[in-house]
Amino acid sequence: MSARTVPDAREAGRRVEEILDGLAGAGDRPALAAAEELVRVLMEFYGAGLARLVDGLDPARLPGLLDDELVGGLLALHDLHPEDVHTRIGRVLAAAPEPVELAGFDETEGVLRLRQAAAGGGCGCGSAGTDTARRTLEDAVATLVPEVVSVELEPAGSTGPRQPLLQIGTRPPAPARAR
């Protein structure tokens, strides 16, 4: 038996987007609509098959499968992943190439705010290594946490969005008391 090659889910997703973008750029609306419908139908078809597999799976096997990036990503994409969104975010952060901390997740907007860890983290200077680590992190989030639509990375030591400055002054003098 020959060894199977595992498709790269990120590359497959990028390729589908490129094809759809090419059709959109060509201005052929009927072809674009047909291609988008084809993608939707295939997603539903494979999602239904994956749901049947998960339903028939020995629950003891599931945790090991969740560690597989491709399987975990497919389960999340088809809304079959047994872990909630916060657990999956934690899973991505634990495997991040550079230490990052969760600064917040807005479930309504789908915005994930991360902060570079202060100790032992990247320099935050925009070096090629840091840019690569950021792209790797964003790809991992996109694969395992499709609820996230954008990632904001704050530098180490940041306290998040700036709060308005509260001006504190001295009290005005108290009125003289009658004796």
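Analyst: The second largest pocket has a volume of about 280 Å³. A pocket here is an open set of points on a 1 Å grid over the protein atoms alone, with protein on both sides within 12 Å along at least five of seven lines. Its lining residues are those with an atom within 4 Å of a point, and its volume is the space filled by probe spheres set on the points, which are joined across faces, edges and corners. Keep in mind that this is a predicted model: local features need pLDDT of at least 70, side-chain atom pairs count only at pLDDT 80 or more, and totals for chains, interfaces and linings use all residues. Residues are numbered from 1 along each chain as its sequence is written, and side-chain values use heavy atoms, with hydrogens and water left out.

So who's around this pocket? There are 17 lining residues, and Glu69, Val92, Ala95, Ala140 and Leu144 are the ones nearest the centre. Helices α4, α5 (85-94) and α6 each supply at least two residues of the lining, and α6 has the largest share, with five. (Helices are DSSP runs of H or I with at least four residues, strands are runs of E with at least two, and both are numbered from the N terminus.) By type, the lining splits into eight nonpolar, four polar and five charged residues.

Glutamate 147 is partly exposed, at 33% relative accessible area, whereas arginine 88 is buried at 4%. The cut-offs behind those words: buried is under 20% relative accessible area, exposed is over 50%, and partly exposed is in between, using a 1.4 Å probe and protein chains only.

Another salt bridge brings aspartate 139 and arginine 14 together, at 2.8 Å from N to O. This pair links distant parts of the chain, since aspartate 139 is in α6, arginine 14 is in α1, and 125 residues separate them. Both partners are partly exposed: aspartate 139 at 25% and arginine 14 at 37%.

What about the largest pocket? It holds about 1,200 Å³ of space and is lined by 35 residues, with Ala9, Gly13, Met43, Leu74 and Leu77 nearest its centre. The elements that give two or more residues to this lining are α1 (9-26), α2, α3 (62-66), α4 and α6 (128-144). Helix α2 gives the most, with 11 residues. Here the lining divides into 24 nonpolar, six polar and five charged residues.

Val16, Val39, Met43, Leu74 and Leu77 make up a nonpolar patch with about 350 Å² of accessible area together. Two or more of its residues come from each of α2 (29-56) and α4 (69-77). Met43 belongs to helix α2 and is partly exposed, at 33%. A patch like this joins nonpolar side chains (Val, Leu, Ile, Met, Phe, Trp, Tyr) within 5 Å, from residues with over 30% relative accessible area and no salt bridge, while like charges are joined within 9 Å. Areas come from the Shrake-Rupley method with a 1.4 Å probe, and for residues only the protein chains shown count as cover.

Finally, the whole chain: six helices and three strands, running α-α-α-α-α-β-β-α-β from the N terminus. Of its 179 residues, 24% are buried.

Methods
A salt bridge is a side-chain nitrogen of Lys or Arg within 4 Å of a carboxyl oxygen of Asp or Glu. On a 1 Å grid over the protein atoms alone, a cavity is a set of points where a 1.4 Å probe fits but cannot get out, and a pocket is an open set with protein on both sides within 12 Å along at least five of seven lines; lining residues have an atom within 4 Å of a point. Ala, Val, Leu, Ile, Met, Phe, Trp, Tyr, Cys and Pro count as nonpolar, Asp, Glu, Lys and Arg as charged, and the others, Gly among them, as polar.
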